[in-house]
Amino acid sequence: MARPALVGAAGSLLGATLFWAGNYIVGAEAVRSIDPFSLTLLRWVLALPLLVALAQLIERPDWRRVLAAWPWLLVLSLFGLLAYTGFLYAALESTTAFNASLINAFNPALIALAGAVFLRERLTPLATTGILVALVGVLVVVTDGDPASVFRTGFGPGELLMLGAITAWTGYAIVGRRVPQLPPIASTAAQAAFAVLLLAPFGILTGLTLPDDPASIGSLLFIVVFPSVLSYLLWTRALLVLPAGSAGVFLNLITVFTAAFTIAVGDPYTAAQVVGGLVVIAGVVLTNAPHLRRRPG
């Protein structure tokens, strides 16, 4: 494969993961003034027309064919756009963006485990070792280096919500492997439409917290444009060149970028977070080693 194409794909993946890391950093600021439910609904209300326009411009999909797969898209929306996003923003109310991203780093290993359980995908001894290593790393992170504290105090609410978030995304990934092949941006747009249809009635009945200052408006607009739209566009572009398994390893950069920002701005972090995060990433790399060894076709 031509080197420029590989470089372009890698650049796209770097951009996508950088913007998704921004969702943690900016989301942690946004939930200070916008409640998680309102933030989730506003995100997809504002992202929906952008996703539809991009899909029409780039993919020119057959929308009737896309909507014919509505049961699949509805389930994906419930798992990914609603449950994952809602759990994530709720977690950021009580834990740091860095901590949330460290727990999220375990997600590829959890997906591999779920694939073996539910889809009977082969799990090699190396991958099994990687899952166990990553799990140890997560335990170090969520207990701040004291695993025995689980038996004394349990997990904190933010950590539990993030575990719920990665469980929801695992469901999204597993269901996604059974969905009929659809143009990815159009599929995301349809899922966003379902998210809006499901959340809007509750928002109308209970009311929404709207951003009312420049900082919260800026945070919402960042979340709408970058992690909700541009990340999906860049990710889709990369998958035209690289296999999904190889691209998935780049998701670990979400944690790396979040950690870099945490250190750059002087936010507090602990040695247990750093060590645990490195262990998680090492475990995930082991889990995905077969994908790394495959040459893109």
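F226 is partly exposed, at 28% relative accessibility (buried is under 20% relative accessible area, exposed over 50%, partly exposed in between, with a 1.4 Å probe and protein chains only). The model is predicted: local features need pLDDT of at least 70, side-chain atom pairs count only at pLDDT 80 or more, and totals for chains, interfaces and linings use all residues. Residues are numbered from 1 along each chain as its sequence is written, and side-chain values use heavy atoms, with hydrogens and water left out.

**Aromatic pairs**

- The whole structure holds 7 aromatic pairs (ring centres of Phe, Tyr and Trp, the last by its six-membered ring, lie within 6.5 Å; planes under 30 degrees apart are stacked, over 60 edge-to-face, the rest tilted).
- F222 and F226 count as stacked because their ring centres lie 4.9 Å apart and their planes meet at 25 degrees.
- These two residues are 4 residues apart in helix α11, so about one helical turn separates F222 from F226 (helices are DSSP runs of H or I with at least four residues, strands are E runs of at least two, and both are numbered from the N terminus).
- F222 is partly exposed, with a relative accessible area of 24%.
- Ring pairs also bring in F19, giving a cluster of F19, F222 and F226.

**Nonpolar surface patch**

- V45, L46, I217 and L221 make up a nonpolar patch on the surface, with about 300 Å² of accessible area together.
- Helices α2 (36-59) and α11 (214-239) are the elements that give two or more residues to this patch.
- Patch members have over 30% relative accessible area and no salt bridge; nonpolar side chains (Val, Leu, Ile, Met, Phe, Trp, Tyr) are joined within 5 Å, like charges within 9 Å.
- A salt bridge here puts a side-chain nitrogen of Lys or Arg within 4 Å of a carboxyl oxygen of Asp or Glu.
- Areas follow the Shrake-Rupley method with a 1.4 Å probe; for residues, only the protein chains shown count as cover.
- V45 sits in helix α2 and is partly exposed at 36% relative accessibility.

**Nonpolar core**

- The largest nonpolar core has 76 residues; Y24, L39, W44, L51, L92, F106 and M162 touch the most other members.
- Such a core is a set of buried Ala, Val, Leu, Ile, Met, Phe, Trp, Tyr and Cys residues joined through side-chain atoms within 4.5 Å.
- Helix α1 (residues 3-30) gives the most to this core, with 10 residues.
- Beyond its neighbours within four places in sequence, Y24 has contacts that include Y84, L88, L92, M162 and I254 (contact means heavy atoms within 4.5 Å).

**Buried threonines**

- T85 lies in helix α4 (residues 70-91) and is buried at 3% relative accessibility.
- Outside four places in sequence, T85 is in contact with T40, R43, W44 and G80.
- T170 belongs to helix α9 (residues 157-176) and is buried at 6% relative accessibility.
- With neighbours within four places in sequence left aside, T170 is in contact with N107, L110, I111 and A114.

**Positive phi in loops**

- Most residues other than glycine have a negative phi.
- R60 has a positive phi, near 45 degrees.
- This arginine, R60, is in the loop between α2 and α3 (63-68) and is exposed at 62% relative accessibility.
- R120 has a positive phi too, near 55 degrees.
- The loop between α6 (107-118) and α7 (125-142) holds R120, which is exposed at 78% relative accessibility.
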